[in-house]
Amino acid sequence: MSVDGAVAHPSRPRVLSIAGTDPTGGAGVQADLKSFAAHGAYGMAVVTALVAQNTRGVRSTLVPDVAFLRAQLDTVSDDVTVDAVKIGMLATAEVAAAVGAWLTAHRPPFVVLDPVMVATSGDRLLDDDAVAAVRALVALCDVVTPNLPELAVLADEPVATTWPDAVAQAGRLARRTGVTVLVKGGHLHAAGSGPTAVGSPDALVDATSVIDLPGERVATTSTHGTGCSLSAALAALRPARPDWASAAREAKAWLAGAIAAGAALRVGGGHGPVDHFHHAPGLGARAFSDEVAGALADATRDSLAVPFVRRLADGSLPYDAFATQLHQDALYLVEYSRVLARAAQLAPGGVAQEFFARGAHACLAVERSLHESYLARAHVRPTGPASPVTRAYVDHLAAVAAHGSYAEVVAAVLPCYQVYAQVGVALLALAADVEGHPYRDWVATYGTAPFTDHAALAGRLADDAARYVDPSTRARMVAAFATSCRHEVAFFGQVPLDAAAPSLPGARVPVGAR
Ligand SMILES: Nc1ncnc2c1ncn2[C@@H]1O[C@H](COP(=O)(O)OP(=O)(O)O)[C@@H](O)[C@H]1O
Ligand SMILES: Cc1ncc(COP(=O)(O)O)c(N)n1
C-alpha cells in the first residue's frame, strides 16, 4: 500500500512510465519523463527492457527477468500513489503478462497503453508471440494509442490505407474491448494514401463516438519517439483535465510544436527526437542581469570609493570640480544619445524601441539643461573637448553600436543606467545625513524614480535581448557590459580634486535621464 498520504492533494500528478529505454533520449522512458515534465507532472519510470538504440536504429535489447520487473513495479506502488500510468515497450509476452498482473492488483485511475511494436527506424520492439499478451493488456487500460500497423495487429485486420478506414477499424477495436482508441495517422503516407491533403490526423474513438484531432503534417525527419511522447503527454495531462478529449487535444497541439522544433536540437543523424520543451524556450537560461550582477556590484563599490564620489557624498566636493565633471558628462551624453538611438534602430520594436528612442532624446534635453543650470554657475565655466577618459568610454560605446547586434548594444549602454542608479541610491542615503547638502538634488535625480525605474526597465530589456542569442553573442554582451562598467568607474575618477576651488552650495538640478 502506498504511504505518501493519499488524502492530501498532491501539487503535481504522479505519473509512471512503464517502458523500454532509449539512451539517446528521444523515445522510451527518457522521452516519457521529458514529456511528463513538459506537462507539469511528477515523473517516475519502471524499465521493461534496456535497448541499445540511437536515432538510426536498434542494435540490441536486453530484457531483465520479469521477477525484477515486478520488483520495480511493486517498489513504486508500495510507496507512491500513482495518479496515471503510461505503458510503452513491453518486449515479450512475459513482460506484458507481468504488467497486466500488476495493473490488476494496483489499478491507477488513468492508464494509457502505447502498443509499441516497431520503432520509427523499422526495428521490432515486440516479440511476435507477445501480441496475444498485449491484446489481453488492452482490456485493462483506458486508452490505447496505436499507429496504423499496430491498430491492424490489435484489430487482427489488414493495415488501413485510408483515414476513414483507420477510424472505422479503431471503432471496431473500441467496441470489442471497451477501451478508447487514440488512432494515429502518422503512418498514413507510408500506408499509401499519398502525401496530399491528409495532414497528420489522429482520432479519439470509443464504442459510440469519434472525436477528430486534425493536424498539419510537418515536413521533417524528427519523428523518433513521437508515439511515446504523445501517449506520455496524455497520461500526464489526464489527471488535471476533465476528459480524455481535452487531454488529447492539448497533447496533440504540443506534439506538433515539439516535432517542428525537433530538427533544431541537432541530435543524431537518423530520425531525430522531438523537442519536448519547445514551449518553454527560456528554460535553463540564466537572466543576463543575474550573470552581470557581480560586475555591476563591483563597479558600484569602486565608484563609491572614488574621492570625487566620496566628497560628493559628504557635500565637501568643490563646485568647480563638480562643474568640470558635469561638462564631461554633457559631452558624454551627446554621444551616448547616438548610441541609444542606434539601440532604438536595432530594437525589435514595441517597448524597447520606444524606451531607447525616448532615452536618446532625454540625453540631449539633460545635456542642454546641464549648461543652463550647473555649468552656468561655475567660477570658471568649463570648456574644451572630451577628456581621454570620456573619449575612451564613448569610443567603446560607438564601436559596439557600429558592429554589434541589438543585444550587445543594450548590454553596453546598460551600466550607464544601472551604475548611476545604484551609486545614486547609495549617495542619496549618505547625503540625507548632511544638512544643507549642496548636491542633494543632483544625487536625487539618479537615486529616485523615474531614473531608477528606467534603470530597472533597461535591465529587463537586456534580459529579453539575451534570452535568444547564441553563446558567443552572449559572451560579447557580458564583455561589453563589463567594459562599460570599468569606464563608469574611470569616469567618476577623472577630475583631479586638488586644483579645484571651494564648494558652492545650493545647487539645483534638472530632472531627467542621464
Ligand atoms: N510529420 C508529422 N507531422 C505532424 N505530426 C506527426 C508527424 N508524424 C507523426 N505525427 C504525429 O505524431 C504522433 C505519433 O504518430 P505515429 O507516427 O503515427 O505513431 P508512432 O510514433 O507510434 O509510430 C501522432 O499524433 C501523429 O499525428
Ligand atoms: C524503448 C522504445 N520505446 C518505443 C520506441 C518507439 O518509438 P516511436 O515513438 O518513434 O515509434 C522506441 N524506439 N524505443
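Author: Start with contacts. In the protein chain, take those between residues at least 6 apart in sequence: 75% of them join residues at least 24 apart. Two residues are in contact if their C-beta atoms, placed from the backbone, lie within 7 Å.

A word on the source. This is a predicted model, in which local features need pLDDT of at least 70 and side-chain atom pairs count only at pLDDT 80 or more, while totals for chains, interfaces and linings use all residues. Residues are numbered from 1 along each chain as its sequence is written, chains are lettered from A, and ligands are numbered from 1 in the order in which they are written.

Now the whole. The protein chain has 18 helices and 10 strands. These are DSSP runs, numbered from the N terminus: helices are H or I with at least four residues, strands are E with at least two. The C-alpha trace spans about 100 × 55 × 40 Å along its principal axes. Its radius of gyration is 33 Å, whereas a compact globule of 514 residues would have one near 24 Å. That radius is taken over C-alpha atoms, and the globule rule is 2.2 Å times the number of residues to the power 0.38.

The domain assignment gives domain 1 (14–265) and domain 2 (288–492). Such bounds come from an automatic or database assignment. The C-alpha centres of the two domains lie 57 Å apart.

A residue is near a molecule if its C-beta atom, placed from the backbone, lies within 6 Å of it. Around ligand 1 there are 19 residues. Lys184, Gly186, Ser200, Thr226 and Gly227 come nearest. Helix H7 (226–237) and helix H8 (244–262) each supply at least two residues of this shell. H8 gives the largest share, 4 residues. By type, the shell around ligand 1 divides into 5 nonpolar, 10 polar and 4 charged residues. Here Ala, Val, Leu, Ile, Met, Phe, Trp, Tyr, Cys and Pro count as nonpolar, Asp, Glu, Lys and Arg as charged, and the others, Gly among them, as polar.

Ligand 2 has 19 residues around it. Gly20, Ala27, Gly28, Thr120 and Gly227 come nearest to ligand 2. Strand S3 (50–53) and H7 each supply at least two residues of its shell. The largest share, 3 residues, comes from H7. The shell around ligand 2 divides into 8 nonpolar, 10 polar and 1 charged.

What lies behind the shells? In soluble globular proteins, nonpolar side chains tend to be buried together. The largest nonpolar core here has 83 residues, and Ala170 and Leu234 have the most contacts inside it. A nonpolar core is a set of buried Ala, Val, Leu, Ile, Met, Phe, Trp, Tyr and Cys residues joined through C-beta atoms within 7 Å. A second, separate core of 72 residues includes Val339, Ala352, Ala411 and Leu427. Go back to Leu234. Not counting residues up to four places away in sequence, Leu234 touches Val112, Val143, Ala247, Ala248 and Ala251.

How is burial judged? A residue is buried if 20 or more other C-beta atoms, placed from the backbone, lie within 10 Å of its own, exposed if 12 or fewer, and partly exposed in between. Of the 514 residues, 48% count as buried.

Val76 counts as buried because it has 20 C-beta neighbours inside 10 Å. Leaving aside neighbours within four places in sequence, Val76 is in contact with Leu16, Met44, Val46 and Val82. Val76 and Leu16 are 60 residues apart along the chain, yet their C-alpha atoms are separated by 8.7 Å.

Ala91 has a positive phi of about 70° although it is not a glycine. Ala91 is in the loop between strand S5 (84–87) and helix H3 (93–105). Ala91 counts as buried, because it has 24 C-beta neighbours inside 10 Å. Arg266 is not a glycine but has a positive phi of about 55°. Its place is in the loop between H8 and helix H9 (288–291). With 8 other C-beta atoms within 10 Å, Arg266 is exposed.

Last, a peptide bond. Ala449 and Pro450 are joined by a cis peptide bond, with omega about 5°. Pro450 is found in the loop between helix H16 (440–447) and helix H17 (451–467).
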